[in-house]
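Here are some exercises with worked solutions for getting to know a structure one step at a time. Take a look at the picture, then try each task before reading on.

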Amino acid sequence: MLEVNESREGEVVVVNLAGRLDTSTATDFDFAMEPHADKPARILLDLSGIQYVSSAGLRVFLMLAKKLQKAQGKLVLCGLNPTVREVFDIAGFSKILQIEPDRSAGLQRLA
Amino acid sequence: MGTQARFKVAGSRADIAAFADTFEHFCTNHAVPQPVIRAFQIALDEVLTNIVDYGEAPVAEGGIEVALELDPSALHAEIIDGGKAFDPLSSAPPPDLDSALEDRPIGGLGVHLVSTLMDEVTYQRSAGHNHLRLSKRL
């Protein structure tokens with residue numbers, strides 16, 4: 001299961017994710033992000049409630065980052081637990097996505 | 001002597017999600033460390049999804065079987081299906097881990113994740129079934 005909660009911090013859209021990002025939940029995540037993907041939005045994804053991310057979840061992060069880059073938006077991720085961080089490192093995503101340790105560092109990066 | 005358990009997973013994505021819960025219960029009941037549980041959940045999600053998406057009629061052959069074996073030093077999971085012969089280890093092209101964001105291809109990371117997160121992955125075709133065995137030290 002996956003919980004997606006959206007809020008605003010000034011101009012920044014903060015999305016809190018909790019649960020698992022795998023084959024069964026990746027489409028829910030994709031669907032929740034769709035309204036923002038083609039706009040020059042500034043988005044902070046807080047993953048502190050995410051237990052693990054499989055390649056189905058990685059696919060959604062990558063598609064979202066590509067779309068936002070094209071739309072001149074900005075995407076920052078924060079709150080990755082050690083397992084999620086390891087998966088991002090293995091996938092080579094740590095080099096192409098902006099990752100901050102926590103929410104306040106993430107908001108600063110988007111300010 | 002290790003602890004053993006066998007589970008059946010039917011052929012839908014909802015069944016794979018339900019099995020993630022079953023697997024987690026088994027592991028927490030037997031005090032498997034969290035990082036090992038998470039690594040296996042990711043690997044099992046990849047492997048089971050592949051079988052359901054690309055295997056030929058695994059459900060008609062009695063579903064997918066997952067045999068877990070916990071010994072003092074490692075957790076092993078053997079995934080058995082009656083679909084067409086498919087060795088995920090030799091079938092996957094090397095992943096692109098270095099291109100810039102705009103050039104990075106979508107997908108192709110599943111097998112790379114499984115083989116990196118696990119300590120050992122072996123494939124065998126025997127008696128018309130695929131046997132993929134995953135092991136990770138505790």
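**Exercise 1. Find the residues whose side chains meet in a salt bridge at 2.9 Å, N to O.**

Step 1. The partners are A:Arg20 and B:Glu24. A salt bridge here is a side-chain nitrogen of Lys or Arg within 4 Å of a carboxyl oxygen of Asp or Glu.

Step 2. Now widen the view: across the interface of chain B and chain A, the rule finds three salt bridges.

Step 3. A note before going on. This is a predicted model, in which local features need pLDDT of at least 70 and side-chain atom pairs count only at pLDDT 80 or more, while totals for chains, interfaces and linings use all residues. Residues are numbered from 1 along each chain as its sequence is written, chains are lettered from A and ligands numbered from 1 in the order in which they are written, and side-chain values use heavy atoms, with hydrogens and water left out.

**Exercise 2. Describe the interface from the side of chain B.**

Step 1. Start with the contacts (heavy atoms within 4.5 Å): 29 residues of chain B touch 25 residues of chain A.

Step 2. Turn to area. The two chains bury about 2,400 Å² between them, with 61% of it on carbon and sulfur atoms; buried area is the accessible area (1.4 Å probe) that two parts lose on being put together, summed over both. In chain B, the residues losing the most area to chain A are B:Leu101, B:Arg104 and B:Ile106, together 28% of what that side buries.

Step 3. Place the elements, where helices (H or I, at least four residues) and strands (E, at least two) are DSSP runs, numbered from the N terminus. Helix H1 (13-29), helix H2 (34-54) and helix H4 (110-117) of chain B each supply at least two residues of the side touching chain A. H2(B) gives the most, with seven residues.

Step 4. Sort that side by class: twelve residues are nonpolar, seven polar and ten charged. In this scheme Ala, Val, Leu, Ile, Met, Phe, Trp, Tyr, Cys and Pro count as nonpolar, Asp, Glu, Lys and Arg as charged, and the others, Gly among them, as polar.

**Exercise 3. Which residues lie nearest the centre of the largest pocket?**

Step 1. Learn the rule: on a 1 Å grid over the protein atoms alone, a pocket is an open set with protein on both sides within 12 Å along at least five of seven lines, a cavity is a set of points where a 1.4 Å probe fits but cannot get out, and lining residues have an atom within 4 Å of a point.

Step 2. The answer is A:Ser55, A:Arg59, B:Glu46, B:Asn50 and B:Tyr54, out of 29 lining residues.

Step 3. H2(A) provides the largest share of this lining, seven residues. By class, the lining has 14 nonpolar, nine polar and six charged residues.

**Exercise 4. How many cavities of 30 Å³ or more does the structure hold?**

Step 1. There are three. A volume is the space filled by probe spheres set on the points, and grid points are joined across faces, edges and corners.

Step 2. The largest cavity has a volume of about 220 Å³. Its lining counts 21 residues, with B:Val47, B:Ile51, B:Phe86, B:Pro88 and B:Leu132 nearest its centre.

Step 3. The second largest cavity has a volume of about 60 Å³. Among the residues lining this second cavity are A:Asp22, A:Tyr52, B:Phe19 and B:Leu48.
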